[in-house]
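The following account leads the reader through a two-part assembly by way of its folds, its contacts and its confidence values. Please keep the sequence and the model in view while reading.

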Amino acid sequence: MNSDNFHLFVLPFCIGVLFLLIFSVWKYWRWIRGFDKLQRAKIRKNIWTWRFLPAIWEAFREGLLHWRITKKNLLLGYMHRSLAFGWFLLIVVGAVQARLAFPDGHPLWIAIFFNYFEPSYSIEFPQAEFYANLMDALLIYVLSGLFLAMFKKVWSRPLGMKRTTRHTLMDRVAKFALWCIFPFRLLSEAATSSLYGNGGFMTRWLGNVLSSMGVADPAFELTCWMLYSIALGTFFCLMPFSRYMHIFTEVFLIYFRQLGVRDSDRKTGYTMFELSACSRCGICIDGCPMNRELGIVNMQGVYMLQSVRNLELQKNAEPIAENCLMCDRCVADCPVNIDLSVIRRQVRIKNKAAIDNKNGYGYLRNVQPFNSIGRVAYFGGCMSHLTPGISHSMEAIFNAVGQKYWYMDKDETICCGRPLLQQGFENQAFELRRKNTEMIVNSKATMLITSCPICYQSFKKEYKLSIPVMHHTEYINMLIESGKLKLRKDDRRVTYHDPCELGRGCGIYDQPRNVLKATTTLLKTKEEREHSLCCGFNLGNPLLDLEQQTSIRNAARDNLLAPKPDTIATACPMCKKAFQHADNVPVKDIAEIVAENIIKPNN
Amino acid sequence: MKKFGFEISKGRQLNFDEMKSDKVNKLLEMVPSYKWCIGCGGCTAACSAAGFTDFNIRKIHTAFFRAQYEGLDEQLNRCMLCGKCLLVCPRGVNTRSLIINMRRILANVDTVTWRPQRELKSKNEGGNNE
């Protein structure tokens with residue numbers, strides 16, 4: 001009988017736990033100290049509020065139940081849930097079981113290696129049988145997830161993933177250790193059961209099998225427990241250096257996010273939390289247009305984070321960070337909601353520091369604003385100069401509702417600065433933002449309306465303007481809802497292309513659709529809203545050549561043409577330009593469609 | 001009126017033998033589409049910055065090609081990278097990449113890892129891909 005409360009085989013486990021504890025505390029402490037001023041201020045402001053409640057709920061829903069992954073694919077969700085939630089329940093129920101069996105307290109390892117230390121518990125406490133069976137059921141639950149994980153390694157498509165991540169050596173070793181834990185646990189419990197007849201329905205059955213095979217032997221039992229303990233210890237020791245650090249880090253990340261902390265343009269302690277919270281699940285790979293259309297699979301979010309986090313991979317960080325459309329599709333797909341584009345921009349900013357010279361814009365000094373008290377300011381954006389139909393239509397709409405306006409960039413445009421910022425030229429972008437802010441503030445305009453989603457996102461998020469900023473689709477929608485603008489409905493059937501910067505970037509999905517529904521018949525496409533496809537001509541990726549941009553464009557176009565529309569509608573001059581020469585179906589901006597259908601008040 | 005930057009310039013001599021072409025070669029290596037340029041000047045005509053100042057991207061990259069680097073870095077800082085030149089180019093030259101890379105080369109920034117797309121595409125990399 002194992003009456004002692006200690007055996008040498010628990011040592012690997014104990015060392016692992018101790019190492020993990022000390023190392024994690026040290027790491028997290030360092031990262032928290034690395035938060036910047038703004039992030040600290042947010043934490044100080046919100047720490048004594050009830051925000052920890054939604055954080056606990058989200059941590060439970062995402063960390064254990066893996067809700068967002070389940071929404072993507074049921075089987076994939078089951079796999080993650082059974083491993084995470086199943087293991088969590090094993091630990092919790094195991095702790096309760098040990099507590100009931102040892103009411104006077106017990107060392108930590110008793111709960112983990114319970115069956116070994118308490119082989120005759122069935123007479124000690126009343127629900128012992130129930131707990132033993134429950135633990136067995138939970139182990140089956142975890143093992144079923146493990147089986148799916150192994151299956152996914154061979155064939156991932158039934159789990160909703162066309163491509164899986166290529167892992168580093170450390171990650172593979174850690175995964176192997178993790179995969180060993182549960183089979184060894186089952187084997188050890190069965191080996192103990194073959195000697196003492198304890199355990200639940202499955203362990204007892206397997207124990208009988210072992211006895212009938214003649215391996216019911218204390219030496220065999222001890223070996224199994226030793227292997228189980230080594231697997232646990234190895235996994236815990238490797239955790240801080242592998243992707244499995246995400247297990248704890250995600251909880252912290254969720255909490256900080258609920259406190260209102262966001263990433264900045266510099267790598268901070270919060271970025272470190274984001275880097276470690278990436279589980280390298282590889283869900284970002286499948287949706288990425290670079291993978292779908294061009295077969296480029298070494299630059300997606302997961303590899304970008306890996307290259308920033310791992311010291312030995314940092315030499316790859318630069319080309320990986322540059323080679324991206326910044327369409328935010330991965331951000332929409334990420335089950336951990338990591339702000340991948342911001343981290344990518346951090347790398348770009350670091351790379352461009354040497355050539356980020358802000359002294360080039362002296363020529364803007366003499367540009368003066370127009371005194372526009374009581375007017376709205378209209379900013380067409382650089383690209384709408386190449387698609388003048390949009391700005392002409394906007395002028396027609398302003399005139400139809402009798403709105404006085406100042407067309408800010410009628411003759412010459414000062415860029416909003418976002419294209420520069422996306423490429424990492426933060427000082428230069430700041431100069432342009434300062435000039436535009438000065439223009440808008442001095443003009444005393446009451447509202448800013450822009451036709452370009454890139455400018456819109458910039459004005460909305462990067463500028464600190466005190467007046468409302470609207471994209472023209474929002475503005476037209478507002479006019480329709482307030483009854484100022486009357487539109488006739490024509491018999492056109494249209495499909496709508498969600499521009500990346502407007503949809504995923506700013507969350508404007510419904511307003512453009514409402515406007516289109518008011519004038520035309522809007523058809524559904526297969527991939528729309530947050531799953532919309534990038535038009536390929538977006539300014540994020542400086543490395544793509546025309547042919548590659550075109551193939552990305554064609555995929556998005558085919559998606560739009562599938563329901564056989566009469567017109568393709570979009571809300572971005574760049575997307576319009578991209579689709580324009582693609583097919584015989586006309587491509588129109590929403591403003592143009594609206595301008596064609598205005599009912600003049602006097603007739 | 002748009003100023004295209006064409007004006008009577010002083011007489012000058014280009015000695016093709018003395019042209020140091022390592023920078024140009026580097027640029028061609030990083031932006032292969034550079035060699036497709038026919039010098040039509042569409043980029044300059046569409047340019048946002050050229051509306052305010054005598055920034056002339058066609059002139060700049062022609063000068064770069066002829067290895068006349070004086071003053072180019074200062075000129076290039078005026079670009080707002082808005083990307084209009086990219087959309088009007090009839091030859092599909094990646095003008096934005098051209099500008100960024102000219103700046104990098106002129107500033108002697110290490111560009112070892114900066115390679116065109118074709119070479120970045122990894123073959124048979126990644127996990128299983130049925």
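In which loop of chain A is the place of A:Asn337? A:Asn337 sits in the loop between helix 18 (329-333) and helix 19 of chain A, where helices (H or I, at least four residues) and strands (E, at least two) are DSSP runs, numbered from the N terminus. Its phi is near 55°, a positive value in a residue other than glycine. Most residues other than glycine have a negative phi. A:Asn337 counts as partly exposed because it has 17 C-beta neighbours inside 10 Å; a residue is buried if 20 or more other C-beta atoms lie within 10 Å of its own, exposed if 12 or fewer, and partly exposed in between, with C-beta atoms placed from the backbone.

Two conventions apply throughout. Residues are numbered from 1 along each chain as its sequence is written, while chains are lettered from A and ligands numbered from 1 in the order in which they are written. The model is predicted, and local features need pLDDT of at least 70, side-chain atom pairs count only at pLDDT 80 or more, and totals for chains, interfaces and linings use all residues.

Chain A contains 29 helices and 8 strands. Its C-alpha trace spans about 95 × 50 × 45 Å along the principal axes, and buried residues make up 51% of its 603 residues. Of the contacts in chain A with a separation of 6 or more, 76% are between residues 24 or more positions apart; two residues are in contact if their C-beta atoms, placed from the backbone, lie within 7 Å. The chain is divided into domain 1 (52-245), domain 2 (259-351), domain 3 (366-477) and domain 4 (487-596), with bounds that come from an automatic or database domain assignment.

Helix 13 (residues 269-277) of chain A is mostly covered, with 8 of its 9 residues buried. Among them are A:Tyr270, A:Met272, A:Phe273 and A:Glu274. The cover over these buried residues includes helix 1 (11-33), helix 2 (37-46), helix 12 (246-258), helix 16 (301-309) and helix 19 (340-352) of chain A.

Attention now turns to a sheet in chain A. Four strands form an open sheet in the order 2-1-3-4, with parallel pairing; two strands pair if DSSP finds at least two bridges between them. Strand 2 (405-407) and strand 4 (469-471) of chain A stand at the edges, each with a single partner strand, so one side of each has no neighbour in the sheet. From one strand to the next the twist averages 25°. Strand 1 (residues 376-379) of chain A is joined to strand 2 of chain A by 3 bridges, and A:Tyr378 stands opposite A:Tyr407 in strand 2 of chain A. Helix 23 of chain A lies across strand 1, strand 3 (447-450) and strand 4 of chain A, running at about 160° to strand 4 of chain A. For such angles, axes are lines fitted to C-alpha atoms, for helices over the stretch in contact, and angles run from 0 to 180 degrees between N-to-C directions.

Strand 5 (residues 493-497) of chain A is joined to strand 7 (residues 567-570) of chain A by 4 bridges, with A:Val494 opposite A:Thr567. Strand 7 of chain A in turn has 3 bridges to strand 8 (residues 587-589) of chain A, and A:Thr570 stands opposite A:Asp589.

How do domains 3 and 4 meet? The centres of domain 3 and domain 4 of chain A, taken over C-alpha atoms, are separated by 22 Å. In this pairing, 27 residues of domain 3 of chain A are in contact with 25 residues of domain 4 of chain A. Helix 20 of chain A gives the most to the domain 3 side, with 6 residues.

Chain B meets chain A through 38 of its residues, in contact with 46 residues of chain A. The largest share of the chain B side, 5 residues, comes from helix 6 of chain B. The predictor gives the complex an ipTM of 0.84 and a pTM of 0.89. For chain B the mean pLDDT is 78, pLDDT being the predictor's confidence in each residue, from 0 to 100. Confidence in chain B is lowest in helix 7 (residues 117-120) of chain B, at a mean of 46.
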